[in-house]
Amino acid sequence: MSSDLSRRQRFEAIAAEVYDPLQRYLRRRASPDDAGDLLGDVLLTIWRRVDDVPSESPLPWCYSVARRTLSNHRRGIRRRLRLVERLESEPPSAMLLDPAEGLEDDDLAAALSALPAADQEIIRLWAWEQLEPREIAETLGSTANAVSLRLSRAKKKLAETMSRQSPPSPGHKGDRHAEEQRR
Amino acid sequence: MTDELRERVARLDPMHSEVPTESVTTPSSRQLLEDIMSTPVIEQPETGPTPKKSQWMLGVAAAATLVVAVGGALALTNGGSADPTVAAGPPLVLNAGTNDSMAMCIVFDVEFLAPMPVAFEGTVTEVEGDRVTLTADHWFKGGDASQVVINAPQGLEALIASFPLELGEQYLITATDGNVNYCGFSGPSTPELRSAFEEAFGS
């Protein structure tokens, strides 16, 4: 059990390591205003459970806390939206982030958006948070083997979706991948 | 291919490394951290926080004797966690097979789906004998546990209600009175079933 001083020191050290990646994680999945509030909630949980945070690699554990915090937040939004019967006209904040907007790799962005939510999330954790399967497993409360399997399937679905969306045409990088997939 | 795909997806990242974030050393960040560190900590019981494995075993042990009343996350002890909304809670435990409430099948209809008290989308992470563990990827209704354990009757192994629960695959599950519903009210995640869930429970 931590003394006050060592608890503070430990928390400060963890916060220094995870403050930036947690902000990015939350901003990718929530509106800027909500992300700020959520960051405080996540850090508060880390403070309360500082003895549980793995010493060597705290980030996946912290992402796991962020994931749950975000999930609770989204449920709250949905409840509120249902109450005022605006669900269809105003999507939850987490959906505000549309990777397809204003980006050059439109085929890939569209294909990613077309995947089931769980597949999108595992791809994002892999490519945006740059996590390896065992770290994704810790974040999602799964096993590394299961995550590897899911990631592999999600990547395959992504490639298949891209190949369906973009008929092959000479000189397009993404289309070459699609062609390779078909061989 | 994989590395290139990863790089391409990474380029879609709206919060890539060149997008600035607030430094941990700014006055407002420091204030936030100081506010948090001034929050009293509820000390854990003498055994300390329950490790994840113990929580898992607790849920499984409970399943042997308990038909779970659902309608929310299972309220088994979680080892004194200070923040039940975000702490790793015990898995929700459901049963499948002989006691299911849909034993007399009714024709699938969203109208019948909507009142079901538990609905989630999950991925099978472990199949062990009569016990299948899923990670809850998305809760539509009736819970917030990160894991759900489904106990199938002995002899059925992972084959529950005519659809096999396979490792790594994703399923949409409903339950009533602690029992998994089938007759089309649970099954592999397909766009059609997901649409029905979204229509019944909201996205």
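What is the mean pLDDT of chain B, and what percentage of its residues reach 70 or more?

A: Chain B has a mean pLDDT of 70, and 65% of its residues reach 70 or more. Here pLDDT is the predictor's confidence in each residue, from 0 to 100. A contact is a pair of residues whose C-beta atoms, placed from the backbone, lie within 7 Å. Residues 99–103 of chain B also stay under 50, with 14 contacts beyond four places in sequence.

This is a predicted model, in which local features need pLDDT of at least 70 and side-chain atom pairs count only at pLDDT 80 or more, while totals for chains, interfaces and linings use all residues. Residues are numbered from 1 along each chain as its sequence is written, and chains are lettered from A and ligands numbered from 1 in the order in which they are written.

Now the partner. Chain A has a mean pLDDT of 81, and 74% of its residues reach 70 or more. Its confidence is highest in H1(A), at a mean of 94, and lowest in helix H8 (residues 173–182) of chain A, at 48. Over residues 171–179 of chain A the pLDDT is below 50, and this stretch has 15 contacts beyond near neighbours in sequence. Residues 90–97 of chain A stay under 50 as well, with 16 contacts beyond four places in sequence. The model as a whole scores ipTM 0.77 and pTM 0.55.

Chain A has eight helices and zero strands. Both kinds of element are DSSP runs numbered from the N terminus: helices are H or I with at least four residues, strands are E with at least two. Of the 183 residues in chain A, 45% are buried. Buried means 20 or more other C-beta atoms within 10 Å of a residue's own, exposed means 12 or fewer, and partly exposed is in between, with C-beta atoms placed from the backbone. Among contacts in chain A with a separation of 6 or more, 56% join residues 24 or more positions apart.

The contact between the chains takes 52 residues from chain A and 46 residues from chain B. On the chain A side, at least two residues each come from helix H1 (4–29), helix H2 (32–48), helix H3 (58–83), helix H4 (106–114), H5 and helix H7 (144–165). H1(A) gives the most, with ten residues. By class, this side has 26 nonpolar, ten polar and 16 charged residues. Nonpolar covers Ala, Val, Leu, Ile, Met, Phe, Trp, Tyr, Cys and Pro; charged covers Asp, Glu, Lys and Arg; the others, Gly among them, are polar.

Zoom in on one crossing. The axes of helix H5 (residues 117–127) of chain A and helix H1 (residues 2–10) of chain B come within 9 Å and cross at roughly 95°. Axes are lines fitted to C-alpha atoms, for helices over the stretch in contact, and angles run from 0 to 180 degrees between N-to-C directions. H5(A) and H1(B) are therefore roughly perpendicular to each other. The cut-offs are under 35 degrees for roughly parallel, over 145 for roughly antiparallel, 65 to 115 for roughly perpendicular, and oblique for the rest. From H5(A), A:Ile123, A:Trp126 and A:Ala127 meet B:Arg6, B:Val9 and B:Ala10 of H1(B). Five of these residues are nonpolar, none is polar and one is charged.

H5(A) also packs within its own chain. Its axis and that of H7(A) come within 9 Å and cross at roughly 105°. H5(A) and H7(A) are therefore roughly perpendicular as well. H5(A) contributes A:Asp119, A:Ile122, A:Ile123 and A:Trp126, and H7(A) contributes A:Val147, A:Arg150, A:Leu151, A:Ala154, A:Lys157 and A:Leu158. That contact has seven nonpolar, no polar and three charged residues.

A:Gln130 has a positive phi of about 55° although it is not a glycine. A:Gln130 has 13 C-beta neighbours inside 10 Å, so it counts as partly exposed.

How values were computed: Two residues are in contact if their C-beta atoms, placed from the backbone, lie within 7 Å.
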